[in-house]
Amino acid sequence: MRQATLRLTLEALDDATAARLCAELVRRGPNGSPFDVALLALTAMLDHGALGYERHAALYAAARALDDAQLARLLLSSQPPPPGTPHAASMPGGRELTLGERKSAARGRRRDMLDRLLRDPDESVLTILLGNPRITEADVVRLAARRPTTAGAQRTILRSERFIARYNVKRALVLNPYTPTDLAARLVVLLTRPDQHAVANDSSLNESVRDTAREALLSSDGEG
């Protein structure tokens, strides 16, 4: 509902005004609700491509025209991840479970199975798993911090309204170099200043994410 409301608001505005609204969300998002909620909605919309390619490109051009480097960076596409391929967890008994069996198990109660499925590479399995009430924030923090991982797994976490609102989950996503750079850059503005400093100085992270952290720090210094 939040995404739909924001999308309708942006659709009613011209490109320059819509870009200024997005910029305001980026600036005010770290200061708490309702701006942080709106910024998460914007992040999810961009991740889903809800604005459409042409409008997304137009907002990027408007951000450049406004000389807003921070907003322009948040509107950029993802850059390639580091090398590495995650391995699916082996299942007990030696027999490989079918996708249907893994989906069924993701709804279940067995803790040992849920722990294995947290390493499942299939996004549909992870989506079901993140809706299981037996999965905790600590579980999702570990999932978000897993290296290597896939872009799909990280974006699945973003789409979980239950968990993406948790600060430690956002932090784990940003600090993982395998998180898509566009997603990490949009979330870094929601981190605390100490964590933004950590991001800015973490050489394992993509330079675009580190630059976004630096810009967020400079922006908050200017407001202070």
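The structure holds 19 salt bridges, a salt bridge being a side-chain nitrogen of Lys or Arg within 4 Å of a carboxyl oxygen of Asp or Glu. Keep in mind that this is a predicted model, where local features need pLDDT of at least 70, side-chain atom pairs count only at pLDDT 80 or more, and totals for chains, interfaces and linings use all residues. Residues are numbered from 1 along each chain as its sequence is written, and side-chain values use heavy atoms, with hydrogens and water left out.

Let's start at helix H1, residues 2-11; helices here are DSSP runs (H or I, at least four residues), numbered from the N terminus. Arginine 7 pairs with glutamate 11, their closest N and O atoms sitting 3.1 Å apart. Both belong to H1 and are four residues apart, about one turn of the helix. Arginine 7 has a relative accessibility of 29% and counts as partly exposed, because that class lies between buried (under 20% relative accessible area) and exposed (over 50%), using a 1.4 Å probe and protein chains only. Glutamate 11 is partly exposed too, at 46%.

Next comes a salt bridge between arginine 55 and aspartate 15, with 2.8 Å between the closest N and O atoms. This pair ties together distant parts of the chain, 40 residues apart: arginine 55 is in helix H4 (residues 53-65) and aspartate 15 in helix H2 (residues 15-28). Arginine 55 is buried at 18% relative accessibility, whereas aspartate 15, at 32%, is partly exposed.

Now jump to helix H13, residues 181-188. Aspartate 182 bridges to arginine 186, the closest N and O atoms being 3.5 Å apart. The two are about one helical turn from each other, because they are four residues apart in H13. Both partners are buried: aspartate 182 has 8% relative accessibility, and arginine 186 has 2%.

H13 also has a neighbour to look at. The axes of H12 (residues 167-174) and H13 come within 9 Å and cross at roughly 135 degrees; axes are lines fitted to C-alpha atoms over the stretch in contact, with angles running from 0 to 180 degrees between N-to-C directions. That makes H12 oblique to H13, since angles under 35 degrees count as roughly parallel, over 145 as roughly antiparallel, 65 to 115 as roughly perpendicular and the rest as oblique. Where do H12 and H13 meet? Lys170, Leu173 and Val174 in H12 touch Ala184, Leu187 and Val188 in H13, contact meaning heavy atoms within 4.5 Å.

Finally, salt bridges also link Arg73, Glu207, Arg210, Asp211, Arg214 and Glu215 in a network.
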